[in-house]
Amino acid sequence: MNEVSHSNHNVHKDKQVAHVTRSVHLLFRGDAQVCLQTSTTSTMSAILKRLSLGVLVLQTTGLVLCMRYSRTLPAVGPLYLASSAVLLSEVLKMLTCLLIIYKEHRFILSATYLNLLEEIVHRPLDTLKLAVPSAIYTLQNNLLYVALSNLDAATYQFPAGSVARPESHGTPLVGLFAVLLACFSSGFAGVYFERILKGSRQSVWLRNIQMGLFGSFFALVGVLVRDWEQVHKAGLLQGYNSLTWIVVILQAVGGLVVAAVIKYADNILKGFATSLSIVLSSLISYMLLQDFMPSMLFTIGALLVIGATFLYGYEPKEPSNLVKI
């Protein structure tokens with residue numbers, strides 16, 4: 001009887017050991033799966049970060065070159081209104097985000113409508129938060145046009161040999177003040193928008209729709225205040241051609257890319273991307289268009305920007321052969 005009891009005790013003990021061993025194995029396998037999922041997520045985040053930054057550099061470079069060329073063409077008619085281009089780019093950006101959300105809901109109109117109603121209309125305080133960066137970005141665009149009106153063509157590096165058409169001549173000090181104020185407002189809006197994007201569960205596309213609603217309203221106000229007389233005489237699309245529409249599309253794409261960069265990277269890297277695009281567009285102007293001659297100060301500044309970008313994005317690897325004491 002004692003032998004049977006001892007045998008049953010051993011069998012029960014063996015089952016307990018096997019259960020513990022299997023539990024430990026499952027635990028380690030679960031940890032490995034969690035580590036694998038975390039590694040995959042980190043890798044995808046790094047890929048999206050680099051991809052969005054690269055696209056932003058290319059988009060900004062193309063926008064600078066196209067906008068410069070479109071604003072300095074020889075006069076063959078009325079020059080397109082910058083305020084109308086800003087308005088159309090905001091509307092196009094918003095429509096693009098609406099199509100993306102429509103696709104995410106499997107092209108079901110009712111589901112898309114209910115989602116927008118829930119996230120935008122039924123949460124007015126959350127939506128109103130986007131009015132702040134929208135107003136600042138609109139102010140920034142207006143300040144840049146004020147700067148363009150008060151700084152001479154040489155300061156803006158218009159192409160040599162072409163007919164530059166500044167809107168008006170004014171005080172250079174006013175233009176420089178407008179540029180500085182635009183820089184400060186852009187920095188504040190970028191940090192504010194980054195806080196909103198990373199502090200909520202809403203998608204980048206939904207946030208861009210909210211931004212587009214306020215941005216379109218503020219841009220429309222800008223059209224009515226600055227250019228209503230010209231719009232009343234010749235229409236909103238006066239002076240538009242294929243190059244103008246390219247500028248509008250690039251501006252709309254830029255708003256989406258900036259939001260993606262802020263979402264997956266940060267506002268500081270967005271500033272570096274913008275600086276790199278300035279360097280790249282200047283080099284293209286020098287090598288292909290031959291309308292820009294880099295000075296020593298420009299060369300030093302370009303090297304500093306490139307070096308700062310790599311230093312900020314560099315992540316040193318920890319040595320794997322550490323000796324534990």
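Trainee: In this predicted model, is Phe 107 buried or exposed?
Mentor: The relative accessibility computed for Phe 107 is 52%.

Trainee: Which accessibility class does Tyr 102 fall into?
Mentor: The relative accessible area of Tyr 102 is 26%. Values under 20% would be buried and values over 50% exposed, with a further class in between. Tyr 102 is therefore partly exposed.

Trainee: What is the geometry of the ring pair formed by Tyr 80 and Tyr 240?
Mentor: A search of the whole structure returns four aromatic pairs, among them that of Tyr 80 and Tyr 240, whose ring centres are 6.0 Å apart with planes at 70°. Plane angles over 60 degrees define the class, so the pair is edge-to-face.

Trainee: How many residues apart in the chain are Tyr 80 and Tyr 240?
Mentor: Tyr 80 sits in the loop between α1 (2-71) and α2 (82-104), whereas Tyr 240 sits in the loop between α7 and α8 (242-264). Both residues are buried. The pair thus links distant parts of the chain, and the separation is 160 residues.

Trainee: How are the rings of Tyr 102 and Phe 107 arranged?
Mentor: Their centres lie 5.4 Å apart and their planes meet at 85°. With an angle over 60 degrees, the pair of Tyr 102 and Phe 107 is therefore edge-to-face.

Trainee: Which residue joins Tyr 80 and Tyr 240 in one aromatic cluster?
Mentor: Tyr 80 and Tyr 240 are themselves a pair, with ring centres 6.0 Å apart.

Trainee: Which residue caps the N-terminal end of α8?
Mentor: Helix α8 has 23 residues and spans 33 Å from its first C-alpha to its last, close to the 33 Å expected. At its N-terminal end, a side-chain oxygen lies 3.1 Å from the backbone nitrogen of Leu 243, and the residue providing that oxygen is Asn 241.

Trainee: Within what arc do the buried residues of α3 fall?
Mentor: Helix α3 covers residues 109-121, and its buried residues are Thr 112, Leu 116, Glu 119 and Ile 120. Seen down the axis, they line one face of the helix, because they fall within an arc of 85°.

Trainee: Which helices do the buried residues of α3 pack against?
Mentor: The face of α3 turned away from its buried side carries the exposed residues Tyr 113, Leu 114 and Val 121. The buried residues, in contrast, pack against α2, α4 (124-128) and α7.

Trainee: How far apart in space are the C-alpha atoms of Leu 56 and Thr 274?
Mentor: Leu 56 belongs to helix α1 and is buried, with a relative accessible area of 2%. Its contacts beyond four places in sequence are Val 257, Val 258, Val 261, Lys 270 and Ala 273. Thr 274 is 218 residues away in sequence, yet the C-alpha separation is 7.6 Å.

Trainee: How far apart are the end C-alpha atoms of residues 47-67?
Mentor: An unreviewed UniProt entry annotates several spans as "transmembrane region", including residues 47-67. In the model this span is 100% helix and 0% strand, and its end C-alpha atoms are separated by 30 Å.

How values were computed:
Residues are numbered from 1 along each chain as its sequence is written. This is a predicted model: local features need pLDDT of at least 70, side-chain atom pairs count only at pLDDT 80 or more; totals for chains, interfaces and linings use all residues. Side-chain values use heavy atoms; hydrogens and water are left out. Rings of Phe, Tyr and Trp (its six-membered ring) pair if their centres lie within 6.5 Å; planes under 30 degrees apart count as stacked, over 60 as edge-to-face and the rest as tilted. Helices (H or I, at least four residues) and strands (E, at least two) are DSSP runs, numbered from the N terminus. Buried means under 20% relative accessible area, exposed over 50%, partly exposed in between (1.4 Å probe, protein chains only). The expected span of a helix is 1.5 Å times one less than its number of residues. A polar contact is a pair of N or O atoms within 3.5 Å; within protein, one must be able to donate a hydrogen and the other to accept it, and residues adjacent in sequence count only if both atoms are side-chain atoms. The arc is that of the directions from the helix axis to the C-beta atoms. Contact means heavy atoms within 4.5 Å. UniProt positions are given in the numbering used here, feature names are shortened, and annotations may be inferred rather than shown by experiment.
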